[in-house]
Amino acid sequence: MIVIGFIGFAIKQSFGDPIREITGVSVSVEERNKLREELGLNDPFLVQFSRFIKGAMHGDIGRSFFYKKSALKVILSKAPATLELVFCSALIIVLFSIPLGIYSAINPRSIFSRIIMGGSTLGVSIPVFLTAILMIYIFSVELHWLPSYGRGETINLGGWRTGLLTLDGLKHLIMPSIALSSIMLPLFIRLIRSEMMEVLQNDYIKYAWAKGLAPRRVFIVHAFKNTLLPVITVGGVQLGTMIAFTILTETVFQWQGMGFMFIEAVERGDAPLMVAYLVVVGLIFVIVNTLVDVIYGLVNPQVRITGRK
Amino acid sequence: MKRSLVFLSLVVILTLGLVGCSSEKKDEAPAKQDSAETTAPAADAGKVLKLAMDADPVSLDPQVQLSGGMMQYAHMVFDPLVRWAKDGSFEPRLAESWEQINDTTMRFHLRKGVTFHSGNPFTAEDVVWSINRLKVSPDFKGLFEPFTEAKVVDANTVDVITKEPYGLLLNMATYIFPMDSKFYTGKDESGKDKAAIVKTGPSFANTNESGTGKYLVAEREQGVRTVFKAYPKYWDKAGNVETIILTPIKNDATRVAALLSGDVDFIMPVPPQDLKRIESTEGLELVTMSGSRIITFQLNSERFEPFKNLKVRQAIIYATDNSGIVEKVMKGFATVAAQQGPKEFASYNPALTPRYDLAKAQQLMKEAGYADGFACTMIAPNNRYVNDEKIAEAFVSMLGKIGIKVSLKTMPKAQYWDQFDARVADIQMIGWHPDTEDSANYTEFLLMCPNSETGYGQYNSGQYCNPEVDAMTIQTQTETDTAKRSALLQKIEKTLYDDAAFVPLHWQNLSWASKNNMNTGEIVNVQNFPYFGNLVIK
């Protein structure tokens, strides 16, 4: 975490001058310098960094210039939006990639699998923001089915503002989560398909067939479970990509989450908020990858056994 | 056994997910009814305007930052002494009338019976208090430098005194949004002064307001949405909008889509590429207007020897096809400029016309002794002005035709201004809109000799310096005879034109789009402070 903080801090210097954003154009140079001095922006790098670390020890990772409050608070208030979005896209990915992947692995030649594969190539190659804008034009501008921006109505559940419990909120969720999943979904379909096809070639599958097991048992219990191992690993790593893509999706849909907040912070030169975002995202990465390792152990006995030795 | 256990748990997780989804969907129906019931009476109570802008106010304190967004906010929640009318005259607001008592004193007679949102009555004390606060606000103190003080005459009369005769006093009065002095006096919960002007931290004034404007801030989640409700005791009965819901939508395409899909009623600004589409959509109204923000290039003659030569500077202006840029790059959404101030300004000199003439440019380069051209550097922002990067690229290719090889670097505005101040390149781009709505302001900031003590020429990265222009500009500050002042300003523009002091491109147009059931055209203005208090929705 300290390393991430350090890197974030090192690059913030090149992000530009926050003073410009918070003062009018005709403000004199003296006034600007005075303000810069007050904020401690003139201090040498190491002094600023040690001040940051000192604060971080007490849970204070800086104060956003724009929101005028603690950066951590700002991020926490934006986090539910992003987490709900990521959760819903993950749900879409899991619900669709597994059946579609298995189906196209079992019947590689059927027309339906060819359509899936063709569609997934298309999905991977269209950039997220294009998918998003296309969807906005089709479903909100032309057909007036779905709202074009924002989170809609939210309900406050003990500080967690959720859009999952209102119809309006769910409607607003549909397009952003599809857009966000549009990159990962095809990737997972292809991954599951190729892994599964490879597994199906294995001797123990042939043996299972020979034993006369029901196809369902062969495919799901024997083949699919072994397919899952690489999928979980990739999934953990891809979560990072997913967070990166929330930045794009959230910008297009004016989704009030962390990604959108980060882009705005970069544009405004709101350095403390940028650094705080990097630290928090770094933390999420560490947690998720730890979880993946744990799950991996649960699914794959080999990992546990080698670990014991 | 273990395998099947793992499998079982997977299935359970999946089904849980499915059940979760479907149960959520079942919950929807009652939720919808609830919201329909709660919104129905609200709709009867008054008209609601759903407004989308590219940003929302950074603070609730109207004196914390001088920017377009903050002024738009101030016109909704506060009310100025006077405000700009469409024809460039002043419309009385909190000041009902005003008279010049002597050379340096203006007496304002204030509207009676006005109250602040807190319920406190509005008096001359509040005007004096607000002017004093403006004089210490980092963003406004420069503009209020010519003011000595304001004095209470009686509860409804106030004298504003300037150091010297000042022709722009009423222009400045459009920035005086009286604040509730009683409300903002004292200590807040954390023991800090309620009147403190704080740019980067929490303060009472940043999160609380008490103005005299038509709207009070009912709800605010910064960067997400702000809800304005009409103040029932507001004195001006024009306009019928009870509630304004302001949502910032930063992405241009999304903002337009929100209007097209009917999710919002009013958007500003409208990106140039979507003007046609909105114009041709039934039920929508597009209003555009030529603005006063001039886009220019500055040629740094201190840094780069050839720019000292008048002929070279002229050649560059003759080589710049600014009407081509307006047509191709700006899609006609700008007005070609040959001088700093647009037509409405006192400085406008109709004799100064755009000068594109490639043959003449080549001729001038030859005469200057640079027939083979030269190479130089240039910087421009890529997210500050409309199409700034494309304009810079077009300019580079135009200069290529007279043999000038320009190496262009573009960057985001967060980095640009430091580079601009450091004058890192021979040619630098800058746009300017005068806060005073007066043309002398352009010259003061962009073209007077740079002087760190007086602050003149703060953005003069071309380091153009002509003592004659300086003298004339300073003279305009105290000249109160409008005819004489106008002649002086026109002479300045002529001198700058002949001197090829800068490369003029165009004035950016302003744009607003809304549903066509409201009087959008009447409430918008060239200052881009829409008067939402006067908006009537049919």
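This is a predicted model: local features need pLDDT of at least 70, side-chain atom pairs count only at pLDDT 80 or more; totals for chains, interfaces and linings use all residues.
Local features need pLDDT of at least 70 and side-chain atom pairs pLDDT 80 or more, while totals for chains, interfaces and linings use all residues. Residues are numbered from 1 along each chain as its sequence is written, chains are lettered from A in the order in which they are written, and side-chain values use heavy atoms, without hydrogens and water.

Colleague: How many helices and strands does chain A have?

Modeller: Helices (H or I, at least four residues) and strands (E, at least two) are DSSP runs, numbered from the N terminus. By that rule, chain A has 13 helices and two strands.

Colleague: What share of the residues in chain A is buried?

Modeller: Buried means under 20% relative accessible area, exposed over 50%, and partly exposed in between (1.4 Å probe, protein chains only). Chain A has 309 residues, and the buried share is 50%.

Colleague: In chain A, what share of the contacts with a separation of 6 or more is between residues 24 or more positions apart?

Modeller: A contact means heavy atoms within 4.5 Å. Among contacts in chain A with a separation of 6 or more, residues 24 or more positions apart account for 68%.

Colleague: Is A:Ser181 buried or exposed?

Modeller: A:Ser181 sits in helix H8 (residues 167–200) of chain A. Leaving out residues up to four places away in sequence, it touches A:Ser89, A:Ile92, A:Ile93 and A:Pro186. Its relative accessibility is 2%, so A:Ser181 counts as buried.

Colleague: What area do chain B and chain A bury between them?

Modeller: Buried area is the accessible area (1.4 Å probe) that two parts lose on being put together, summed over both. The contact takes 60 residues from chain B and 63 residues from chain A. Carbon and sulfur atoms carry 57% of the buried area, and the total is about 5,200 Å².

Colleague: Which three residues supply more than any other three of the area that chain B buries against chain A?

Modeller: Together the three supply 12% of the area that chain B buries against chain A. They are B:Lys199, B:Thr200 and B:Lys250.

Colleague: Which side chains meet in a salt bridge between chain A and chain B?

Modeller: A salt bridge is a side-chain nitrogen of Lys or Arg within 4 Å of a carboxyl oxygen of Asp or Glu. Across this interface the rule finds one. At 3.9 Å, N to O, the pair is A:Glu264 and B:Lys250.

Colleague: Which element gives the most to the side of chain B that touches chain A?

Modeller: Helix H1 (2–45), strand S10 (241–248), helix H6 (252–260) and helix H12 (413–422) of chain B each supply at least two residues of that side. The most, 13 residues, comes from H1(B).

Colleague: How many residues of helix H8 of chain B are buried?

Modeller: This helix spans residues 310–319 and is mostly covered. Its buried residues include B:Val312, B:Arg313 and B:Tyr318.

Colleague: Which residue forms a salt bridge with B:Lys311?

Modeller: B:Lys311 is partly exposed, because its relative accessibility is 33%. The closest N and O atoms are 3.4 Å apart, and the partner is B:Glu367. The pair links distant parts of the chain, 56 residues apart, with B:Lys311 in helix H8 and its partner in helix H10 (residues 358–367) of chain B, namely B:Glu367.

Colleague: Which residues do salt bridges that share partners join into one network?

Modeller: B:Arg83 and B:Glu91 meet in a salt bridge at 3.2 Å, N to O. B:Arg93 also forms a salt bridge with B:Glu91, the closest N and O atoms being 3.6 Å apart. B:Arg83 is buried at 4% relative accessible area, B:Arg93 is buried at 3%, and B:Glu91 is partly exposed at 23%. The network joins B:Asp79, B:Arg83, B:Glu91, B:Arg93 and B:Asp236.

Colleague: How many salt bridges does a search of the whole structure find?

Modeller: Side chains of opposite charge can pair when their charged atoms come close. Over all chains, the search finds 19.

Colleague: Is B:Gln72 buried or exposed?

Modeller: B:Gln72 lies in helix H2 (residues 68–77) of chain B. Residues up to four places away aside, it touches B:Met53, B:Met268, B:Asn528, B:Phe529 and B:Pro530. Its relative accessibility is 10%, so B:Gln72 counts as buried.
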